[in-house]
Amino acid sequence: MADSTITVKTPGKLILLGEYAVLEQAPALVATVNKFCTIKLRPSQNDVFRIEAPNLDIPDFSFLLSEKGDISLTNGHTELQRNQLNFVLSVLKYIRQKLDKNVPAFDISIDTADFFHPISGKKMGLGSSAALTVALLSAIEELLNSTFSSTDFFQKALHAHRYAQGKIGSGVDIAASSTGGIIQYRMPELIEGTNEEIQQVHWPNDLYMLSIWTDKSVSTRTMVRKMRTFRMKETAMYKGIMNEMADLSEAGCRAFRLGNTKKFLDVIEAFGNIERKLTNHSKADIFSSVHEQIAKIVINKGGYYKPSGAGGGDIGTAFCRSSETCKSISEAIEESSFELLNLSVQTEDVNSTEPYGIG
């Protein structure tokens with residue numbers, strides 16, 4: 001084992017339906033995509049952990065990890081480098097403290113370049129932190145020659161991710177990265193519980209989708225915190241909107257599973273309108289002006305549109321029922337100031353991909 005290298009590749013995700021409502025135990029649809037976090041782990045020759053992350057311009061970050069999970073830096077680091085790796089360090093601390101795993105020191109190379117726009121360098125909102133958590137836990141599991149059941153693995157990854165993120169998030173991105181393919185996900189009623197729903201589903205034959213980059217990165221954590229504030233200050237309004245979103249998520253997931261594309265598209269349109277309502281009342285800029293600009297282009301060409309994920313920026317999704325409409329939307333986007341992303345959905349075989357529509 002001392003001379004071996006463990007390599008793990010974990011896919012990112014794209015939420016299709018159910019944003020925000022998933023935090024209230026409504027189902028969400030999410031697909032894993034052909035953007036990967038790749039890590040290479042090799043046992044260290046001493047007690048020092050070393051991290052290199054070339055795409056984050058971190059050539060060598062070394063530290064000690066105590067039995068209690070405390071981090072002690074062993075060489076000079078900038079504040080930016082510490083902040084960039086804070087998530088990784090938090091996950092390691094969680095594994096050491098909460099899972100009681102005596103993790104031996106290792107050298108690890110982390111490559112998350114797929115999750116950043118190749119030209120602007122902006123993060124695209126494809127679940128990089130979840131993919132990193134799943135990849136890191138998978139590699140450590142292999143390093144320790146231990147095996148978790150799929151349920152246990154999801155729970156451990158979910159808790160590690162929430163610990164590192166400040167106890168926020170539904171776990172939908174962890175479920176996607178640890179399962180692969182297209183799934184319907186419902187978070188557990190109690191986050192410590194194991195009653196989550198993770199169900200594999202299949203893409204309807206006559207559904208096409210394009211992924212559109214807004215050229216604006218948004219912090220999911222910030223958006224979720226704004227939603228928490230809205231819930232506390234205007235509880236009745238919050239619950240009313242969430243109930244509407246939950247009903248639509250249930251209907252949309254059912255239509256998707258049954259291959260009822262017309263119904264699914266009706267839900268996409270209605271869900272986008274509820275997101276606009278949520279934007280107005282919460283002051284969280286979910287269906288932002290940039291998304292409205294893209295929506296106008298898509299709708300004018302006969303498609304349906306909504307933000308993917310927390311909204312505000314990142315990626316939007318355009319849906320339609322025919323290749324002709326998909327092509328028309330694609331050409332209109334290419335003539336605009338926005339950009340199509342070449343994303344493909346991961347099939348159940350996480351080593352292969354299958355395209356949907358033209359996007």
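Helices (H or I, at least four residues) and strands (E, at least two) are DSSP runs, numbered from the N terminus. This is a predicted model, in which local features need pLDDT of at least 70, side-chain atom pairs count only at pLDDT 80 or more, and totals for chains, interfaces and linings use all residues. Residues are numbered from 1 along each chain as its sequence is written, and side-chain values use heavy atoms, with hydrogens and water left out.

**View 1. Aspartate 57 and aspartate 215 have positive phi values.** Aspartate 57 sits in the loop between strand E3 (49–53) and strand E4 (58–65). Its phi is near 60 degrees. Aspartate 57 is exposed, at 62% relative accessible area (buried is under 20%, exposed over 50%, partly exposed in between; 1.4 Å probe, protein chains only). Aspartate 215 belongs to the loop between strand E9 (208–213) and H6. Phi of aspartate 215 is near 70 degrees, and this residue is partly exposed at 40%. Most residues other than glycine have a negative phi.

**View 2. Tyrosine 94 and tyrosine 163 form a tilted ring pair.** Rings of Phe, Tyr and Trp (its six-membered ring) pair if their centres lie within 6.5 Å; planes under 30 degrees apart are stacked, over 60 edge-to-face, the rest tilted. The whole structure holds ten aromatic pairs. In this one, the ring centres are 5.4 Å apart and the planes meet at 50 degrees, so the pair is tilted. Tyrosine 94 is in helix H2 (residues 86–98) and tyrosine 163 in helix H4 (residues 150–165), so the pair ties together parts 69 residues apart in sequence. Tyrosine 94 is buried, at 9%. Tyrosine 163 is partly exposed, at 29%. Elsewhere, ring pairs join Phe49, Phe61, Phe63 and Phe106 into a cluster.

**View 3. Lysine 9 and arginine 276 each lie over a phenylalanine ring.** A charge sits over a ring if NZ of Lys or CZ of Arg is within 6 Å of the ring centre and within 35 degrees of the ring normal. Lysine 9 covers the face of phenylalanine 36, at 4.7 Å from the ring centre. Arginine 276 lies over phenylalanine 287, at 3.9 Å from the ring centre.

**View 4. Helix H5 (residues 172–179) is mostly covered.** Six of its eight residues are buried: Val172, Asp173, Ile174, Ala175, Ala176 and Ser177. Their packing partners include strand E1 (6–17), strand E2 (28–43) and helix H3 (128–143). Contact means heavy atoms within 4.5 Å. Just after H5, glycine 180 has a positive phi of about 85 degrees.

**View 5. Tyrosine 20 is buried in the loop between E1 and E2.** Its relative accessible area is 5%. Among the residues that tyrosine 20 touches are Met223, Met227, Met242 and Met245, not counting residues up to four places away in sequence. Tyrosine 20 and methionine 227 are 207 residues apart in sequence, but 8.4 Å apart in space, C-alpha to C-alpha.
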